[in-house]
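These are my notebook entries on one structure.

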Amino acid sequence: MKPSLFGLLLFLALSPSVKADSAAEKVDFARDIQPILADRCFACHGPDAQTRESGLRLDERTTAMQPLDSGATAIVAGKPSESELIRRINSSDEAEMMPPLEANKSLSVNEKELLSAWISQGAQYEELWSLVRPERSTLPTASSEAWIRTPVDRFILQRLDREGMVPAPEASREALIRRLTFDLTGLPPTLSEIDAFLADTGDDAYERVVDRLLQSPHFGERLAVDWLDAARFADTNGYHLDNGRDMSRWRAWVIDAFNANMPFDQFTIEQLAGDLLPNATLSQQVASGFNRNHMINFEGGAIPAEYHNAYIVDRVNTTATVWLGLTVACAQCHDHKYDPITQKEFYGLYAFFNNVPENGLDGNQGNAMPYIRVPDAEQAVRLRELDAKISELAAETEGDIVVLDDAQRAWENSLVTSEPTGAQTSIDLGDWYSAGPFVHPEGGLRAYNRDLGPEANVVDLNAKYFLAEKTYGWIERSDWIDGQVIELQGEQAATYVYRTITVAEDTKLLISLGSDDALKVWLNRKLLLSSDAPRGVAPDQNIVTLDLKKGRNELLMKVVNFFGEYGFYFAMNSETAASVPDSVLAIVRKHRGQRSPQQTTELRMYYRNNVSRDPRWKELGEQLAALRKQREDYEQTIPTSMVMQEMSQPRTTFVLARGQYDKQADQVSAGVPASLPALPKNTAPDRLALARWLVSPEHPLTSRVIVNRYWQMLFGTGLVGTSEDFGSRGELPSHPELLDWLAVEFQTSSQPPLVGTAASRWNVKALLKLLVMSATYRQESRVSPRLLERDPDNRLLARGPRFRLQAEFIRDQALAISGLLKHRIGGPSVSPYQPSGLWEELSSRGDSSKWTAQVFEQSTGDDLYRRSMYTFWKRTSPPPQMLALDAPDRETCTVRRARTNTPLQALILLNDPTYVEASRSLAERALTEGGTSVEQRMLFVFRLATGRNPNEMERDVMRAVLHEQLDLYKGKEVEAKQLLSNGDRSWNTDLEACELAAWTMFASMILNLDETLTKS
């Protein structure tokens, strides 16, 4: 978001005043001049050469002071009267004045005087503050040491002293524990937690609360809420039908990482490049799903290349926003107009993300490739059990079996002693190779009809084939066993299988084939069989005669799947089963004592699989096949998670003219902007290098950007108000020395962390503890009219934070204090109440039932009352109560939510079934847990919601409202039961309906108090 003129003037008002007519006052370029030039001048006279007018560039000192074609010089250092810039901004001639009238960006008198004074003082430029590496500044001397609790307070108090202001008193204990608990867990404190804190008179009572909350399992959930916004997490793909996906395993990883206090540099590296780490664990691969949370399309008729480009652009923009705090999206089509980022540098960043083996159109069945299966603890145990059984049985099949071994010896002897006849010839079956599955965007039939690469030419096992932006190659399948059904992967896909057959002389060979579904067979590039009838695979579905020529022959088959599982079957027909491959005969002719263990096993398995007809062997094989099928079926029930992967052959990246996916210009390599530190020398420019670069000590942005967002989380606004933009159009820091001190502190973490934990760099919990332990954070949030007029947004921090809770926390609070909230952490997303028909309005297709997330199915039981962060998020129709309370749609990265106040919010909080049911449940708590008197019950409800006891005036109002509601519902049992029937949970019929209805309306009033909905 671009700062408004009002925002700029407000900043100037809050900054030490600069009088242009005061020769003694130094004009500060970063504070006073750069915001003016960026807002009024850079669009036409900035970094973007394509839109630069008159050859004038004002973002660089050297070029700004060069004579123009007209002979004039825009800036003459020390001589404002000779500077064309000053003449133009003071001109009344519409043809000459700057900014021009049509730009609608006039300069105030004070701004003109500032520019003139700056030139008079030498027109010194400074590098953009955010691109200079932060340094730990000396801690300021405090005017009141008694107020200081952490180093943060010294910077705040120094600024307040300069402004002639004083900090607010410390907030009450009730306010502090409520503020802390929301900030660190996203939930309200319980009455027992409040009472324990009030009763604790120890000097470290507050710190113990902080430590307890930082160690709470709900800490990770609270921090994950903001991270899900940044990662554009959702449960649907976004485009077209907006069908479902499942990234809940990645969400669980985020929660666990925050709870484990994973150092933020590691947190960064694993999410951007966990898959590239040496011997990457399953957890690290899951973490890399951060950049797979973007929207994905599979709409028929859409252009795959266009959407593949959109995915990569989204990754660049998201990564830059989250870690750099820069608006690099501006450079997709042209050089950035305001910041030193060229279009070529944008595509240098693009190249880091251009090597994922993904399709432009995918996701019609949910998660899009590439993805991995991610078992939970219980599922992992079951897989290990099945693997152990399979290994045990497989070892048995390869071990000694007396009956089979005796028969094998007799068979070997017959081969050695028998003379070759004209009816026999040696047949050497080569290992199988496969290529695929080729997933065709338009389905299996199109894959069947189209030559996907291997069909027309001699098979080259080193060849690469391409379909829908994905690369395929041949893979050796030496583990495939003839005479058994070979299972293939994929759906609506084609897989090519290939082997050589070498014979000593011309011969005919009968083979038995089966497939699921369609099948094509070529021998030496001649098509022998073509069948496209859907079927399930089985032996002997096709018997084919192969007319083999002496020497090497090539057998190529194409197995095509239309739906469900698929595979194929191959065996030599019984009439030729006695023919033995040369490789096997060579082993037979060796003395048994001279055979290697591998040769012994190979010969044994050949005999058992191809020669033996012993029913006990068949039974053993069937048991093993059944176990493997059981494992595969079970594995299919395990959720997947989309991940990042690298292609073996990297794609070539080009600058795209005007950002158009099909307008390739200059070729570029992966790289970072020249205005930032370079990648280390002799480092492969991949995502892992990019991630490590972002958290390197030399990087000027990442630590500042992240620290600023945690400040924003606690205080409502960051030290840099535009937390998404640290560029020249963003706001300057309100406390620049504090921001830099915190940025360095975050990287080095010299402050003591939690009791019992070790110090570490990039320590998130240590940073948050440092902030919430400060006197600045602990101030009461009351504001006087004078202070409100002087500092309406609390940028000077002369009072504590006070702003409306986030959407999720408002709902979670209502569930928590009513006793409805279920605290299970992680797991799939759920679907609590929402108005009927919202999703169905978007499902206009007649076949919508084929796709997930088209018809809203409300959750039941405990799933109705889970934390809001687990609510199913449909991008084209986000949860309406979340949206009304300013949650983003999650289509793109968001690091700063809007905060509004609209009548719709009140309508939802008063009428949505979530809040009506919560009000009734809270009323039931009041009548069953709150005491025996009306007064006790009123105080119980009020204290649950606000954390404190009401004053006498508030008690009078509450009594009046309650008695009014009791009178209203008296004798109106039908109306009362109608109110109490809201929600799935049955009301407590042991209570009198009319009384409970009155208390329900009273509880609703308390839940809707401004104080209930506000932090602090």
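**Entry 1: terms and source**

I count a residue as buried when its relative accessible area is under 20%, as exposed when over 50%, and as partly exposed in between, with a 1.4 Å probe and protein chains only. Helices (H or I, at least four residues) and strands (E, at least two) are DSSP runs numbered from the N terminus. The model is predicted: local features need pLDDT of at least 70, side-chain atom pairs count only at pLDDT 80 or more, and totals for chains, interfaces and linings use all residues. Residues are numbered from 1 along each chain as its sequence is written, and side-chain values use heavy atoms, with hydrogens and water left out.

**Entry 2: strand β8 and its sheet**

I first asked how many of the nine residues of β8 are buried. Eight of them are, so β8 is largely enclosed by the rest of the structure.

I then looked up the partners of β8, taking two strands as paired if DSSP finds at least two bridges between them. Strand β8 spans residues 507-515 and pairs with β11 in the antiparallel sense over seven bridges. Across this pairing, Lys508 stands opposite Asp547 of β11, and Leu509 stands opposite Leu546 of β11. With β13, β8 pairs over five bridges, again in the antiparallel sense. Gly514 has Tyr569 of β13 as its bridge partner.

The open sheet has four strands in the order β6-β13-β8-β11, with antiparallel pairing. I noted which strands stand at the edges: β6 (486-488) and β11 (542-548) each have a single partner strand, so one side of each lacks a neighbour in the sheet. From one strand to the next, the twist averages 30°; for such angles, axes are lines fitted to C-alpha atoms, for helices over the stretch in contact, and values run from 0 to 180 degrees between N-to-C directions.

**Entry 3: strand β9**

I turned to β9 (residues 518-523), where six of six residues are buried. Both faces are covered: Ala518, Lys520 and Trp522 are buried on one side, and Leu519, Val521 and Leu523 on the other.

Two antiparallel partners were found for β9. Strand β12 (residues 551-560) is joined to β9 by six bridges, and Val560 in β12 is the bridge partner of Ala518. Strand β10 (residues 526-531) is joined to β9 by five bridges, with Lys520 opposite Ser530 of β10. The hairpin of β9 and β10 has two residues between the strands, and Asn524 takes a positive phi near 50° there.

**Entry 4: aromatic pairs**

I searched for rings of Phe, Tyr and Trp (its six-membered ring) with centres within 6.5 Å, where planes under 30 degrees apart count as stacked, over 60 as edge-to-face and the rest as tilted. The count comes to 35 aromatic pairs. Trp432 and Phe568 have ring centres 5.4 Å apart and planes at 75°, so the pair is edge-to-face. This pair links distant parts of the chain, since Trp432 in strand β3 (residues 432-439) and Phe568 in strand β13 (residues 566-572) are 136 residues apart. Both Trp432 and Phe568 are buried.

Tyr465 and Trp474 form an edge-to-face pair, with 6.3 Å centre to centre and 85° between the planes. Tyr465 counts as buried because its relative accessibility is 9%, and Trp474 counts as buried at 10%. I also recorded one aromatic cluster, whose members include Trp227, Phe233, Trp250, Trp323 and Trp762.

**Entry 5: Pro357**

Where is Pro357 found? Pro357 is in the loop between α16 (343-352) and β1 (371-373). With 15% relative accessibility, Pro357 counts as buried. Pro357 and Ser648 are 291 residues apart in sequence, yet 9.1 Å apart in space, C-alpha to C-alpha.

**Entry 6: second largest cavity**

On a 1 Å grid over the protein atoms alone, I took a cavity as a set of points where a 1.4 Å probe fits but cannot get out; lining residues have an atom within 4 Å of a point. Grid points are joined across faces, edges and corners, and a volume is the space filled by probe spheres set on the points. The search of the whole structure finds 11 cavities of 30 Å³ or more. The second largest cavity holds about 120 Å³. It is lined by 16 residues, and the closest to its centre are Pro832, Gln834, Thr871, Phe872 and Pro879. Helix α31 (residues 880-884) gives the most to this lining, with three residues.

Notes
1 Å grid on protein atoms, 1.4 Å probe; cavity = no way out; pocket = protein on both sides within 12 Å on 5 of 7 lines; lining within 4 Å.
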